[in-house]
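Subject: Handover of a structure and the findings on it

Dear colleague,

Please find below the structure that I am handing over to you. I would ask you to keep it open while you read the notes after it.

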Amino acid sequence: MKCDCCEREATVHEVSIQHGKRSERHLCEQCAQAKGVLQIGPMPGQAKSVEHPAGPQVARGGEAPQSSVCPACGMTFAGFRQAERLGCAACYVALEGHLLPLIQRVQEGACQHVGKVPKRALGESAGLGQEGGPVVEAGVGVGTGAAEIVARVRGLREELERALSDEQYERAASLRDEIARLVRRVGGGPAL
Amino acid sequence: MPWSACSARRGACWLAGGADADVVVSSRVRLARNLCGYPFLSRATPGQRQEVIAAVRARLASTPLAQGLLWVDVQELSTLDRLLLVERHLMSKELAKGDLPRGLAVGLPDEQMTIMVNEEDHLRVQVLRPGLALHEAWQGASDIDDQLEGGLDMAFSPRFGYLTACPTNVGTGVRMSVMLHLPALRLTGEIDKVKRAAADMGMSVRGFYGEGSEATGDFFQLSNQRTLGRAEQVILRELASEIIPKVAEYERAARQALLSRRARFLEDTICRALGLLRHARLLTPQEAMGNLSLVRLGTLLGVLGGEAPGLEPHAVTQLLVQVQQGHLQKLADRPMDQQQRREFRAELVRGRLK
Ligand SMILES: [Zn+2]
Ligand SMILES: [Zn+2]
């Protein structure tokens, strides 16, 4: 079974009964933790089964974000809290650990886009364009070939998950940098 | 600046009738987009802001959109001109403030489409329509988006969708809203219940002039709050086919209940409002909006009307924008302090509702 709000496998199943109405939630560990499902004990009148107890991934949630700085624009999570605005598109990857719970809070638990997709991001693969300077003219844009980058980032993100659960933090750090570098090419700002 | 006393006199097109206009004054769809390769605006240098503007203008110039689009360098505008554009809902307060490079493209002559550049995000595309016309507004905004996207790479991630400076807009980046006129629900004391119900359905409720503005004169902007994890069509269907018709029916039922059970009270309330507007010598904006709301209700229910051309619902609705301070100063063609504006506002309203 898939998680209610992302593509991962759901491992936390919650059944709650409120005002005589029964509702079910099926979440992956990350989402369950972000929603506080794994931390809070069962409420009265609320049944909960947690098939996989909090593992190393849960401990990681609090650890990873502390050191997060966006490699593209230098934004930190504290800086974001103050400004209430992100610095660039790459912040979404670099600060993801911090942002995810916040995004889920303001977006009613959602953490996966559904809807319109820019055609160019999916379109023809005309090479990746050069590194550096912003290029936005048609045909040579930094976003052409974005689909490949996007697929690569997806793969890297899975590798990152594995590295983190194996506690290979150095590898995780370099993977995170690589993801941020790629994201910068699809949507980030020039590095400071 | 093409917005002169003349356009102030003409009023705003999005206040001109449309479907379900008795309750739904106007519909609006706004899209938030950012360009690839540039930091968001909190980190952008003035030079990068200029580059964003140049890229957007170059793209616009190569599309059919360029026909009838007027470009405005907002930082060059006077305070009064900025005020006028905000009052006409052509740009946000956020875009109006500050002197860093920022721009606005307005579709003329009907002013129903605008593109704000360097607001909170690089691009804010907006389409406004009178009455209940969310489908058309969405179609319009999405078409503009497609045209822009044909030559500009938008910051997008398969996971979070369109990436925006504030995570409250991430995903579709879409905000669909309607301006509702709900005077009867206030008179019957049910308005708070409706506002709570709307909030429970994930809608946000704001005033006539958006975020932070009090819901003046029984006018409320209802819009989707959530932008991630729900397709545009789903948001659209829920608003246009479920929530708005329900609220509109509720308001209409309240109007009928007032007419049939408390006719004298209703007539008295409306006629007092008209009396005040016809005789006041000094009017605050709140007084003007509040009483115009009741007069509008009176013209819609046939309690008023037939006696003066100024008492057409449409004419009354236009006054809602024209009594705002920017419009007043444009109409008077001179700067005015608060006291002078109150006097001029009263004079204007008196003249129209004669
Ligand atoms: Zn999940
Ligand atoms: Zn950043």
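The notes below describe what was found in this structure.

This is a predicted model, in which local features need pLDDT of at least 70 and side-chain atom pairs count only at pLDDT 80 or more, while totals for chains, interfaces and linings use all residues. Residues are numbered from 1 along each chain as its sequence is written, chains are lettered from A and ligands numbered from 1 in the order in which they are written, and side-chain values use heavy atoms, with hydrogens and water left out.

Chain A

Chain A contains 8 helices and 3 strands (DSSP runs numbered from the N terminus: helices are H or I with at least four residues, strands are E with at least two). Starting at the N terminus, the order of its elements is β-β-α-β-α-α-α-α-α-α-α. Chain A has 192 residues, of which 45% count as buried (under 20% relative accessible area, with a 1.4 Å probe and protein chains only).

Aromatic pairs

Over all chains, the whole structure holds 3 aromatic pairs (rings of Phe, Tyr and Trp, the last by its six-membered ring, with centres within 6.5 Å; planes under 30 degrees apart count as stacked, over 60 as edge-to-face and the rest as tilted). The pair of A:Phe77 and A:Phe80 is tilted, because the planes stand at 40 degrees, with the ring centres 5.8 Å apart. Both residues belong to helix α3 (residues 77-83) of chain A, where they are 3 residues apart, about one turn of the helix. A:Phe77 is buried at 13% relative accessibility, and A:Phe80 is buried at 4%.

In chain B, B:Phe156 and B:Tyr162 make an edge-to-face pair, with 5.1 Å from centre to centre and 70 degrees between the planes. B:Phe156 and B:Tyr162 are both buried.

Strands of chain B

Strand β3 (residues 103-107) of chain B is largely enclosed by the rest of the structure, because 5 of its 5 residues are buried. On one side lie B:Gly103, B:Ala105 and B:Gly107, and on the other B:Leu104 and B:Val106. β3(B) pairs in the antiparallel sense with strand β2 (residues 69-73) of chain B over 5 bridges (two strands pair if DSSP finds at least two bridges between them). Opposite B:Ala105 of β3(B) stands B:Trp71. β3(B) also pairs in the antiparallel sense with strand β4 (residues 113-117) of chain B, over 4 bridges. There, B:Met116 in β4(B) is the bridge partner of B:Leu104.

Yours sincerely

Definitions and conventions. Buried means under 20% relative accessible area, exposed over 50%, partly exposed in between (1.4 Å probe, protein chains only).
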